[in-house]
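The report below takes up the strands, and then a pair of helices.

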Amino acid sequence: MSSPTSPSDFTLEVFQNEYLPEGGREVNAIVTVTAPAAGQAGGPAAGADGAHRAEIIIVDCSGSMDYPHSKIVQARAATTAAIDVLRDGVAFAVIAGTDTAKPVFPADGSLVPASAATRQDARWAVSQLRAGGGTAMGTWLGLAGRMFAATPASLRHAILLTDGKNEHESPDQLGQALAACEGVFSCDCRGVGTDWVVAELRRISTALLGSVDIVADPAGLAADFETMMQAAMGKQVADVMLRVWTPQHAQVKFVRQVAPAVDDLTGRRAQSGPQAGDYPTGAWAGGESRDYHVCVQVTAAAVGQEMLAARVSLVAGTEVLGQGLVRAVWTDDEALSTRINPNVAHYTGQAELAQVIQDGLEARKRGDEEEATAKLGRAVKLAEESGNEDTARLLAKVVDVVDAAAGTVRLKRAVAEADEMALDTRSTKTVRRKN
Amino acid sequence: MPVCPAGHDSTTSDFCDTCGMRIEGAGQASAASGGAGPAAPGVSAPAAGGPESGSEAATPAAEPCPQCGTGRSGRFCENCGLDFAAEAPAATTGSATAAGPTPAAQPAPPAPAAAPMTSATPPSASAPVTTPAPSAAPGPSPQPGWTAVVAADRGYFDATMAASGPDAAGIEFPGYCPERRFRLSGPEMRIGRHSASRGIEPEIDLTGPPTDPGVSHLHAVLVLQPDGTWSVIDPGSANGTIVNDTEIATGVAVPLKHGDRICLGAWTVLTILAD
C-alpha cells in the first residue's frame with residue numbers, strides 16, 4: 001500500500017535562540033511538526049482507505065468487571081460503539097482478556113474486514129462477554145501483537161480497556177510483551193473505575209505510543225471509545241520516525257514530545273547512521289500537529305562561528321517527509337546569548353509541571369505532606385503561568401489554592417480517588433503557548 | 001563534493017555532515033527552517049553507511065586524544081591535529097612532522113643518497129629512519145636562493161577545463177590572484193592547503209582566497225637534494241601534479257631546475273627560480 005498523502009507536505013518549524021555565549025554548549029529548540037491536511041495531495045476519499053488499517057479492541061473480562069456489574073455492561077456498550085465507527089474494509093477483531101487472552105470475534109484469531117455483516121456478528125459476540133478470571137495484560141497484548149503481525153495493514157491500532165491491576169503476571173512479563181509489541185501496533189489505554197494503576201497503563205501507552213486516560217464513570221465509556229476510534233480512523237501515515245542528526249562529538253541530551261502531551265523519547269533512540277538516531281512518533285492524522293523539544297550538547301566553537309547542532313527530519317521508511325535545522329551561533333553579545341526562546345521556556349515549564357504533579361502525588365501517597373504541598377504548589381503556579389487551565393482545574397480538586405500566582409496551596413483532607421487518578425493520568429497534557 | 005572549513009568532505013552542502021560547521025558559500029537562507037529543504041539531498045544518507053571513509057568509520061570510538069582530550073574519530077585529532085596512528089605504534093622521533101607534538105625531535109632530513117627516490121613521503125607516520133645521528137645537519141645547510149613563485153595561470157586553467165569531466169563545472173578562474181613567493185628552505189617544503197583537522201601545515205600554503213579547489217591538503221613536496229638542488233614529489237594528490245607539461249608519477253622524486261613549471265589544481269602554477 002502506498003502512503004496516501006504526499007509526504008513532502010509535512011512541515012517542520014524550529015523555534016530556538018541560536019545564540020550561545022563563548023564556550024556555550026547546550027542548544028535547545030522546539031520543533032513543531034505538522035502533517036498535511038487530510039484529503040490533501042490526492043489522498044483517497046475518506047472511507048475508501050480501510051484496507052491498510054487494522055483495529056483490535058481488548059476488553060478486560062476479569063472478575064472485577066462485575067463489581068459493579070455496570071462496568072462489564074458499559075464495556076460491552078463501548079466496544080459496540082467503537083465497532084460501529086469502524087470504516088468499511090478496516091480489518092478488526094475483539095479480544096477478551098482475563099488471566100489468558102481469547103479472541104472473541106472472529107473466534108479463529110484472525111482479523112476480518114468491517115462490513116455491515118461482520119459488524120453485526122461482532123456486536124452479537126461482544127454481547128456474550130461475561131466477567132470472570134484474572135488480569136494479565138502482557139498476555140493480551142502478546143496475542144494482539146501476533147494477530148496484527150499476520151495482517152498486511154500498515155496502520156495498526158488497539159484499544160485496551162481495563163479496570164484493575166496487572167495481577168497475574170510479573171512486571172517483567174509485561175515488559176517482555178511490550179518489547180515484542182513495540183513498533184508492531186499503537187495502543188490507547190483506558191482505565192475504568194479507580195482500582196487500576198496509573199503507572200501500569202502509562203507504561204503500556206508510552207511504549208506503544210498511545211494515550212492513557214481514566215474513565216471514572218463507566219457510563220462515559222461509549223462516547224470515549226467512539227472518539228478514540230474516530231481518531232484512529234483519521235490516521236494517515238504510519239510508523240513515522242523523528243530522525244535527529246548531530247555533529248561529531250555532540251550528545252543528544254533529550255528528545256521529548258511536549259505537545260499535545262509530554263512523552264520522553266530519549267530512551268527510544270534507534271541508531272540510524274553514524275551520527276543520526278531515530279525516535280518513534282507512531283502514526284499521524286491529517287493536519288495533526290505536535291511539538292518536540294530537542295536538547296543537544298555540542299562542542300563549543302569560536303565566537304562568530306556557526307554550527308548545525310541538529311538536523312531534525314521526519315522519515316517514514318526511506319522517505320524524508322520534511323526537515324528543520326537547529327543551529328548554534330557563538331556570540332560575545334550577551335543581549336543575544338542570554339535570551340531564552342519563549343517556546344523553549346514554555347515547554348520546559350510544561351514538562352516540569354507534569355513532573356512536579358507526579359512527584360507531588362507520589363509524596364502525598366507516602367504521607368510526606370510537606371513535599372506534596374511544595375510540589376503541588378509549584379504545579380499550581382506553573383499551570384497558572386502557562387495558562388494550562390485543564391490541569392489547573394484538576395489540581396484544584398486535590399489542593400485548596402490560596403494564591404495561584406505565588407503557588408501557595410493547602411492539601412485537601414478528603415480527595416476523591418478518581419480526582420487524584422485523573423490528575424495523575426492527565427498531568428502530561430500540555431497546552432501550546434498563547435501568543 | 002563540498003568541503004567544510006575543518007576539511008571534512010560533506011554530502012550536504014549547507015552544513016558539514018560530519019562536524020556541523022557552516023560550509024562557506026552556503027546561503028544564509030538555507031538555514032531558515034522549512035519543509036523538505038532542497039539544500040540537503042543527503043539527509044537520509046547517514047543511514048547508508050555515512051560519509052566517513054571506510055577506514056575512519058571502522059575506527060572504534062576510542063579514548064580521547066592523549067594530547068588535548070578531545071573525543072577521537074578518525075586518524076587525526078579533530079582539535080589539535082595529533083596523528084593517532086603515529087602516536088600508537090612507535091612514538092619516537094620523526095613520528096609527527098605533521099602535528100609536531102614533540103618539538104625536541106627535529107624532523108629527520110630525507111636520508112642522504114638515493115633514499116628520496118621512493119620512500120620519501122615525509123609527513124607519513126613514523127618513517128623507518130633508523131640512523132639516530134643526523135649526518136647531514138638539518139640546520140642551515142648550504143642552499144643557494146631557490147624560490148617558488150605561485151600564480152594563477154590562464155592557459156593552464158583553460159587546458160585543465162578542456163580536459164576535465166563534469167566535476168570541473170562551476171570552477172572559475174579567479175578574477176584576482178596576487179603572485180605569491182616562497183623562499184625554499186629547510187629539508188623540505190610541502191605544498192598544499194592547511195588543515196587543522198588533519199594536522200597539515202604546509203610550508204607553501206595555497207589556502208586562498210582564491211582557493212584552488214583542485215589542490216589537495218597535501219599535494220606535493222619539494223625536497224632538498226644532497227647537492228643543494230630541489231626535487232618535487234607527488235605523494236598521491238587527488239588530481240595529480242604536472243611538471244613542464246608532463247604528469248609525474250606518484251611517489252617519485254623529479255629533479256627541478258631554474259624555470260621549471262609545476263602545475264597543480266585547476267589553475268595554480270609554481271615557477272621554480274634558482275639563482
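In what follows, two strands pair if DSSP finds at least two bridges between them. The model is a predicted one. In chain A, strand S19 (residues 399-403) and strand S20 (residues 408-411) run antiparallel and are joined by four bridges, and within this pairing Asp400(A) has Arg410(A) of S20(A) as its bridge partner. S19(A) and S20(A) form a hairpin with four residues between them, and in the turn Gly407(A) has a positive phi of about 75°.

Chain B holds an open sheet of six strands, whose order is S2-S1-S11-S10-S7-S8 and whose pairing is antiparallel. Strand S2 (180-183) and strand S8 (246-247) of chain B each have a single partner strand, so one side of each is left without a neighbour in the sheet. Strand S7 (residues 241-243) of chain B is joined to S8(B) by two bridges, and Thr246(B) in S8(B) is the bridge partner of Val243(B).

| Strand pair | Bridges | Direction |
|---|---|---|
| S19(A) and S20(A) | four bridges | antiparallel |
| S7(B) and S8(B) | two bridges | antiparallel |

Turning to the helices, the axes of helix H1 (residues 70-85) and helix H2 (residues 116-127) of chain A come within 9 Å and cross at roughly 170°. Angles over 145 degrees count as roughly antiparallel, and H1(A) and H2(A) are therefore roughly antiparallel to each other. Among the residues that make the contact are Arg76(A) and Ile83(A) of H1(A) and Ala122(A) and Val126(A) of H2(A). The residues of this contact divide into three nonpolar, three polar and four charged.

How values were computed
Residues are numbered from 1 along each chain as its sequence is written. Chains are lettered from A and ligands numbered from 1 in the order in which they are written. This is a predicted model: local features need pLDDT of at least 70, side-chain atom pairs count only at pLDDT 80 or more; totals for chains, interfaces and linings use all residues. Axes are lines fitted to C-alpha atoms, for helices over the stretch in contact, and angles run from 0 to 180 degrees between N-to-C directions. Angles under 35 degrees count as roughly parallel, over 145 as roughly antiparallel, 65 to 115 as roughly perpendicular and the rest as oblique. Two residues are in contact if their C-beta atoms, placed from the backbone, lie within 7 Å. Ala, Val, Leu, Ile, Met, Phe, Trp, Tyr, Cys and Pro count as nonpolar, Asp, Glu, Lys and Arg as charged, and the others, Gly among them, as polar.
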